[in-house]
Amino acid sequence: MGLFGIVTSKRMGDDPCFGKLVGERGIVSASVVKGRDARPQVTDAPLLQREQFTFVHEGAIDDIAVIRRRISPRRAFQITSKAHAESLFAYVLTHVDAGENTDAVLLRAVNDIASSGVRGDFTFLLAAGGSLYAYCAGSPIGLVVRSDSVLVSSETFTDELWRELSNGGLLRIDGGLAV
(Lines give C-alpha, C1' and ligand atoms only; values in the text may rest on other atoms or scores of the structure.)
Protein backbone atom coordinates (compact mmCIF):
# COMPACT_ATOMS: atom_id res chain seq x y z
CA MET A 1 0.00 0.00 0.00
CA GLY A 2 1.08 3.56 -0.54
CA LEU A 3 -0.09 7.14 -0.30
CA PHE A 4 -1.87 8.88 -3.15
CA GLY A 5 -3.23 12.39 -3.53
CA ILE A 6 -4.49 14.51 -6.38
CA VAL A 7 -5.21 18.18 -6.86
CA THR A 8 -7.29 18.85 -9.94
CA SER A 9 -8.72 21.88 -11.67
CA LYS A 10 -11.42 19.94 -13.53
CA ARG A 11 -13.55 16.83 -13.40
CA MET A 12 -11.30 13.79 -13.80
CA GLY A 13 -14.04 11.18 -14.26
CA ASP A 14 -12.61 9.94 -17.56
CA ASP A 15 -9.26 8.89 -16.12
CA PRO A 16 -9.28 5.07 -15.71
CA CYS A 17 -6.86 5.07 -12.74
CA PHE A 18 -8.61 7.41 -10.35
CA GLY A 19 -11.47 9.21 -12.06
CA LYS A 20 -14.14 7.45 -10.02
CA LEU A 21 -12.55 8.73 -6.80
CA VAL A 22 -12.27 12.37 -7.77
CA GLY A 23 -15.67 13.35 -9.12
CA GLU A 24 -15.95 17.11 -8.89
CA ARG A 25 -13.05 19.53 -8.43
CA GLY A 26 -11.03 18.96 -5.34
CA ILE A 27 -8.56 16.86 -3.46
CA VAL A 28 -8.73 13.12 -2.90
CA SER A 29 -6.35 10.89 -1.00
CA ALA A 30 -6.35 7.16 -1.53
CA SER A 31 -4.23 4.07 -1.17
CA VAL A 32 -2.38 2.64 -4.14
CA VAL A 33 -2.18 -1.14 -4.05
CA LYS A 34 0.14 -2.92 -6.47
CA GLY A 35 -1.16 -6.29 -7.61
CA ARG A 36 0.61 -9.27 -9.18
CA ASP A 37 0.43 -7.73 -12.64
CA ALA A 38 2.32 -4.63 -11.36
CA ARG A 39 -0.61 -2.42 -12.39
CA PRO A 40 -1.69 -0.46 -9.36
CA GLN A 41 -5.27 -0.36 -8.25
CA VAL A 42 -6.38 2.90 -6.66
CA THR A 43 -8.93 2.33 -3.91
CA ASP A 44 -10.59 4.39 -1.24
CA ALA A 45 -8.26 4.73 1.73
CA PRO A 46 -9.15 5.02 5.38
CA LEU A 47 -8.64 8.74 5.84
CA LEU A 48 -8.43 10.65 9.08
CA GLN A 49 -10.60 13.76 9.14
CA ARG A 50 -10.93 16.59 11.64
CA GLU A 51 -12.75 19.79 10.78
CA GLN A 52 -11.59 20.84 7.27
CA PHE A 53 -8.43 18.67 7.40
CA THR A 54 -7.88 15.24 5.83
CA PHE A 55 -4.74 13.27 6.65
CA VAL A 56 -3.03 10.13 5.31
CA HIS A 57 0.02 8.43 6.87
CA GLU A 58 0.95 4.76 6.61
CA GLY A 59 4.35 4.55 8.27
CA ALA A 60 5.61 3.53 11.68
CA ILE A 61 7.28 5.82 14.21
CA ASP A 62 9.84 4.25 16.57
CA ASP A 63 9.14 6.27 19.72
CA ILE A 64 5.60 7.53 19.23
CA ALA A 65 5.46 8.51 22.92
CA VAL A 66 7.71 11.51 22.19
CA ILE A 67 5.21 12.75 19.59
CA ARG A 68 2.23 12.02 21.85
CA ARG A 69 3.74 14.15 24.65
CA ARG A 70 3.73 17.13 22.25
CA ILE A 71 0.00 16.92 21.45
CA SER A 72 -2.37 19.46 22.98
CA PRO A 73 -5.05 18.16 25.38
CA ARG A 74 -7.76 19.12 22.89
CA ARG A 75 -6.21 17.02 20.11
CA ALA A 76 -5.18 14.17 22.46
CA PHE A 77 -8.85 13.81 23.41
CA GLN A 78 -9.70 13.14 19.73
CA ILE A 79 -7.35 10.15 19.44
CA THR A 80 -9.40 6.96 19.38
CA SER A 81 -6.75 4.33 18.62
CA LYS A 82 -3.08 3.51 19.09
CA ALA A 83 -2.41 4.05 15.38
CA HIS A 84 0.68 6.14 14.75
CA ALA A 85 -1.20 7.99 12.00
CA GLU A 86 -3.78 9.29 14.45
CA SER A 87 -1.10 10.55 16.84
CA LEU A 88 0.88 12.19 14.05
CA PHE A 89 -2.30 13.86 12.75
CA ALA A 90 -3.13 15.16 16.25
CA TYR A 91 0.43 16.44 16.54
CA VAL A 92 0.20 18.28 13.21
CA LEU A 93 -3.18 19.76 14.17
CA THR A 94 -1.75 20.90 17.52
CA HIS A 95 0.65 23.04 15.51
CA VAL A 96 -2.11 24.23 13.16
CA ASP A 97 -4.22 25.26 16.17
CA ALA A 98 -1.31 27.33 17.51
CA GLY A 99 -0.93 29.52 14.42
CA GLU A 100 -2.81 31.32 11.71
CA ASN A 101 -0.72 30.57 8.62
CA THR A 102 -0.92 26.88 7.66
CA ASP A 103 2.32 27.01 5.67
CA ALA A 104 4.30 28.46 8.57
CA VAL A 105 2.89 26.16 11.24
CA LEU A 106 3.43 23.05 9.09
CA LEU A 107 7.05 24.10 8.54
CA ARG A 108 7.39 24.51 12.29
CA ALA A 109 5.80 21.09 12.89
CA VAL A 110 8.04 19.23 10.45
CA ASN A 111 11.14 21.06 11.71
CA ASP A 112 10.16 20.04 15.24
CA ILE A 113 9.86 16.42 14.08
CA ALA A 114 13.27 16.58 12.41
CA SER A 115 14.95 18.02 15.51
CA SER A 116 13.18 15.69 17.98
CA GLY A 117 15.54 12.78 17.32
CA VAL A 118 12.60 10.41 16.89
CA ARG A 119 13.12 7.92 14.09
CA GLY A 120 10.52 6.50 11.81
CA ASP A 121 8.46 7.16 8.73
CA PHE A 122 6.82 10.57 8.99
CA THR A 123 5.76 10.87 5.33
CA PHE A 124 2.20 12.21 5.15
CA LEU A 125 -0.36 13.98 3.00
CA LEU A 126 -2.59 16.68 4.47
CA ALA A 127 -5.51 18.23 2.62
CA ALA A 128 -6.36 21.63 4.06
CA GLY A 129 -8.86 23.90 2.36
CA GLY A 130 -7.92 24.08 -1.31
CA SER A 131 -4.37 22.81 -0.83
CA LEU A 132 -2.67 19.45 -0.55
CA TYR A 133 0.52 19.31 1.54
CA ALA A 134 3.00 16.48 1.08
CA TYR A 135 5.77 15.92 3.60
CA CYS A 136 8.51 13.42 2.86
CA ALA A 137 10.52 11.99 5.77
CA GLY A 138 10.98 8.27 5.38
CA SER A 139 9.03 6.71 2.53
CA PRO A 140 9.68 8.50 -0.76
CA ILE A 141 6.99 10.52 -2.52
CA GLY A 142 6.88 11.38 -6.18
CA LEU A 143 4.76 13.78 -8.17
CA VAL A 144 3.54 14.24 -11.72
CA VAL A 145 2.47 17.68 -12.90
CA ARG A 146 -0.16 17.64 -15.64
CA SER A 147 -1.88 20.58 -17.29
CA ASP A 148 -5.08 19.91 -15.32
CA SER A 149 -3.87 18.08 -12.21
CA VAL A 150 -0.98 17.19 -9.95
CA LEU A 151 -0.59 13.62 -8.69
CA VAL A 152 1.33 12.85 -5.51
CA SER A 153 2.08 9.23 -4.64
CA SER A 154 4.47 6.90 -2.87
CA GLU A 155 3.99 4.47 -5.77
CA THR A 156 4.56 5.35 -9.42
CA PHE A 157 1.64 4.02 -11.42
CA THR A 158 1.72 5.83 -14.77
CA ASP A 159 4.31 5.94 -17.53
CA GLU A 160 4.80 9.66 -16.97
CA LEU A 161 7.99 11.19 -15.58
CA TRP A 162 7.69 11.27 -11.78
CA ARG A 163 9.75 13.79 -9.82
CA GLU A 164 10.78 12.75 -6.33
CA LEU A 165 10.18 15.05 -3.36
CA SER A 166 13.44 15.30 -1.42
CA ASN A 167 13.66 13.73 2.03
CA GLY A 168 12.69 16.41 4.54
CA GLY A 169 10.79 18.32 1.85
CA LEU A 170 7.38 19.90 2.41
CA LEU A 171 5.36 20.67 -0.71
CA ARG A 172 2.10 22.62 -1.07
CA ILE A 173 -0.07 22.19 -4.14
CA ASP A 174 -2.93 24.65 -4.53
CA GLY A 175 -6.29 23.99 -6.13
CA GLY A 176 -5.20 26.42 -8.84
CA LEU A 177 -2.39 23.93 -9.55
CA ALA A 178 0.46 26.06 -8.23
CA VAL A 179 3.20 23.76 -6.99
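Before picking anything, one cut-off: a residue is called buried here when its relative accessible area is under 20%. Also keep in mind that this is a predicted model.

Start by selecting Phe55 and Phe89, which are both buried. Their rings form a stacked aromatic pair, 4.8 Å centre to centre with 15 degrees between the planes. Now colour by sequence position: Phe55 belongs to strand E5 (residues 53–56) and Phe89 to helix H4 (residues 84–97), so the pair links parts of the chain 34 residues apart. The structure holds 3 aromatic pairs.

Next, the largest nonpolar core, with 27 residues. At least two residues each come from E5, helix H2 (64–68), H4, helix H5 (102–116), strand E6 (124–128) and strand E7 (131–135). H4 gives the most, with 7 residues. For a second, separate core of 13 residues, select Leu132, Ala134, Ile141 and Val150, which are among its members.

How do they pack? The angle is about 130 degrees, with the axes 8 Å apart, so the two helices are oblique to each other. H4 passes H5 in a right-handed crossing. To see the contact, show side chains for Leu88, Tyr91, Val92, His95 and Val96 on H4, then Val105, Leu106, Arg108, Ala109, Asp112 and Ile113 on H5.

Notes:
Residues numbered from 1 in each chain as written. Predicted model: local features only at pLDDT ≥ 70, side-chain atom pairs only at ≥ 80, totals over all residues. Heavy atoms only, no water. Phe/Tyr/Trp six-rings, centres within 6.5 Å; stacked < 30°, edge-to-face > 60°. Helix = DSSP H or I, 4+ residues; strand = E, 2+ residues; numbered from the N terminus. Buried < 20%, exposed > 50% of the residue type's maximum accessible area, 1.4 Å probe, protein only. Core = buried A, V, L, I, M, F, W, Y, C linked by side-chain atoms within 4.5 Å. Axes fitted to C-alpha atoms, helices over the stretch in contact; angles between N-to-C directions. Parallel < 35°, antiparallel > 145°, perpendicular 65-115°, else oblique. Left-handed = near helix turned anticlockwise from the far one by under 90°. Contact = heavy atoms within 4.5 Å.
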